[in-house]
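Keep the structure open while you read.

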Amino acid sequence: MLGRGGLISSGGQQVGVWVRNTNQITSSGGAVVVSGTGGGDSGSSSGYYGIYLESGNITAGGNASVTVTGTGGNTVGTAGATNRGVFLESASSLITSSGGTVSVTGTGGGSGTGGSNAGVAVQAGRITAGGNGTVTVTG
């Protein structure tokens, strides 16, 4: 799955891939690959996440792998904040596999004076792998 937020320079959130309200991206045994880039390429845009899990899940069954890559938006803005690559907000947010590898890579956006532009931010929730799976988080 590939998603890209809009190019609005200020205002509401422009999210690449937003999984919320117990929705999920999943497979019963095939690899899951999710990539997202937040919008808001200029100005003072904030909250432009590449991947945003708000009580949502990204999972793979069997020994399949999960790969999540997110890039925060507002890459040339002057004051945008919280332009995170990958953001897990709620306690029920989950990125996991049943036994395969889990890789989460995030790059924060917001090149200006704004703060909290992390690559990967876990406010609540979990990044795990079941069985013999391994977890790698970069960002």
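When I say contact, I mean heavy atoms within 4.5 Å. This is a predicted model, in which local features need pLDDT of at least 70 and side-chain atom pairs count only at pLDDT 80 or more, while totals for chains, interfaces and linings use all residues. Residues are numbered from 1 along each chain as its sequence is written, and side-chain values use heavy atoms, with hydrogens and water left out.

Start at isoleucine 58. Setting aside neighbours within four places in sequence, isoleucine 58 is in contact with Ile25, Val32, Val34, Ile51, Leu53, Val66, Val68, Leu94, Ile95 and Thr96. What is the setting for that list? Here a nonpolar core is a set of buried Ala, Val, Leu, Ile, Met, Phe, Trp, Tyr and Cys residues joined through side-chain atoms within 4.5 Å. Buried means under 20% relative accessible area, exposed means over 50%, and partly exposed is in between, with a 1.4 Å probe and protein chains only. The largest such core has 19 residues, and the ones with the most contacts inside it are Ile51, Ile58, Val68, Val86, Ile95 and Val104. Strand 2, strand 4 (32–37), strand 5, strand 6 (57–60), strand 7 (66–71), strand 8 and strand 10 (102–107) each bring at least two residues to this core. For the numbering, strands (E, at least two residues) and helices (H or I, at least four) are DSSP runs counted from the N terminus. There's also a second, separate core of 5 residues, with Val15, Tyr49, Tyr52 and Ala121 among them.

Strand 6 also holds alanine 60. At 3% relative accessibility, alanine 60 counts as buried.

Now for the sheets. Two strands pair if DSSP finds at least two bridges between them.

Another open sheet has 4 strands, ordered 2-5-8-11 and paired in parallel. Strand 2 (17–20) and strand 11 (120–122) are the edges, each pairing on one side only. Here the twist averages 5° from one strand to the next. Strand 5 (residues 51–54) and strand 8 (residues 86–88) share 3 bridges in the parallel sense, and tyrosine 52 has phenylalanine 87 as its bridge partner in strand 8.

A pair of aromatic rings is described by the distance of the centres and the angle of the planes. Rings of Phe, Tyr and Trp (its six-membered ring) pair if their centres lie within 6.5 Å; planes under 30 degrees apart are stacked, over 60 edge-to-face, and the rest tilted. By this rule there are 4 aromatic pairs. The rings of tryptophan 18 and tyrosine 52 have centres 5.0 Å apart and planes at 20°, so this pair is stacked. Tryptophan 18 lies in strand 2 and tyrosine 52 in strand 5, so the pair ties together parts that are 34 residues apart in sequence. Which of the two is buried, and which is partly exposed? Tryptophan 18 is partly exposed, at 34% relative accessible area, whereas tyrosine 52 is buried at 4%. Tyrosine 49 and tyrosine 52 make a tilted pair, 4.7 Å centre to centre with 55° between the planes, and both are buried. Ring pairs link Trp18, Tyr49, Tyr52 and Phe87 into a cluster.Charges join in too: a charge sits over a ring if NZ of Lys or CZ of Arg is within 6 Å of the ring centre and within 35 degrees of the ring normal. Arginine 20 does this over tryptophan 18, 5.0 Å from the ring centre.

Note on methods: Axes fitted to C-alpha atoms, helices over the stretch in contact; angles between N-to-C directions.
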